[in-house]
Amino acid sequence: AWASDVYIDQAGSTTTIDITQTGSGNTVGSSTTASTIIGSNTDIDITQTGASNTADIETATGASDTKIDYTATGGSNILDVDISTATDTTITATITGDSNELTVCGTLATDASSVASATCATEVSANTTTTNVAVTGDGNKIAAGLDSASAVNNITIGANTVSDYNVVNLKQTGTDVPVVTLNVDGSSNAVNITQN
């Protein structure tokens with residue numbers, strides 16, 4: 001019946017971390033104390049089932065080959081990812097429900113909350129990022145700011161299940177040609193993509 005709070009400060013290499021939280025109000029890290037990944041070859045799996053859960057992950061300078069797999073089922077769940085200058089980062093998020101939010105930045109200015117979206121202080125500047133997002137539900141928000149070379153983004157909304165009123169904001173710049181694949185199934189969705 002009680003919410004659980006998990007904090008990670010990981011510095012070694014070749015680490016696997018699995019976190020499963022069920023219920024409401026659970027956290028992995030927080031806006032003041034993000035769960036920080038410094039080592040290389042880290043695999044983090046987070047599953048949150050319920051409502052109003054949050055996860056705040058930071059991959060600090062020196063980290064490489066980090067894989068973050070996030071699954072949220074329920075409403076008003078939040079994932080904020082701060083990649084900083086970590087290289088070869090892969091984020092895979094599967095979100096099912098309404099009013100969920102995913103933000104990927106270089107550094108966060110403010111975390112998402114129940115009343116406001118997250119804002120990026122800087123965009124991702126590290127090389128080679130891959131973001132795979134699948135959202136089913138209404139009123140969800142996805143925002144990513146990527147200055148990295150070799151940025152690949154695959155975003156699916158609906159996947160043959162009508163999903164409405166979702167918002168995607170994606171900004172891509174870099175020395176290589178950025179790649180985005182976007183599939184939307186639903187109505188009244190807003191998509192803003194800036195590439196240069």
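Mentor: Let us begin with a term: two strands pair if DSSP finds at least two bridges between them. Please keep in mind that this is a predicted model.

Trainee: How many bridges do E16 and E18 share, and in which sense do they pair?
Mentor: Strand E16, residues 151-157, pairs with E18 over six bridges, in the parallel sense. Within that pairing, Asn 153 has Val 180 of E18 as its bridge partner.

Trainee: Which strands make up the open sheet, and in what order?
Mentor: The open sheet has seven strands in the order E3-E6-E8-E10-E14-E16-E18, with parallel pairing. E3 (15-22) and E18 (179-184) stand at the edges; each has a single partner strand, so one side of each lacks a neighbour in the sheet. From one strand to the next, the twist averages 5°.

Trainee: And the chain overall, how many helices and strands?
Mentor: The protein chain has zero helices and 19 strands. Its radius of gyration is 15 Å, close to the 16 Å that the globule rule gives for 196 residues, so the chain is as compact as a globular protein of that length.

Trainee: What share of the residues counts as buried?
Mentor: Of the 196 residues, 42% count as buried. The accessible surface comes to about 8400 Å², and 50% of it belongs to carbon and sulfur atoms.

Trainee: Changing topic to Thr 27: is it buried or exposed?
Mentor: Thr 27, found in strand E4 (residues 27-28), counts as buried because its relative accessibility is 16%, and the cut-off for buried is under 20%.

Trainee: Which residues does Thr 27 touch?
Mentor: Leaving aside residues up to four places away in sequence, Thr 27 touches Ser 4, Asp 5, Val 6, Gln 21, Gln 48 and Thr 54.

Definitions and conventions: Residues numbered from 1 in each chain as written. Predicted model: local features only at pLDDT ≥ 70, side-chain atom pairs only at ≥ 80, totals over all residues. Heavy atoms only, no water. Helix = DSSP H or I, 4+ residues; strand = E, 2+ residues; numbered from the N terminus. Axes fitted to C-alpha atoms, helices over the stretch in contact; angles between N-to-C directions. Buried < 20%, exposed > 50% of the residue type's maximum accessible area, 1.4 Å probe, protein only. Contact = heavy atoms within 4.5 Å. Rg over C-alpha atoms; globule rule 2.2 N^0.38 Å. Areas by Shrake-Rupley, 256 points an atom, 1.4 Å probe, with all protein chains shown as cover.
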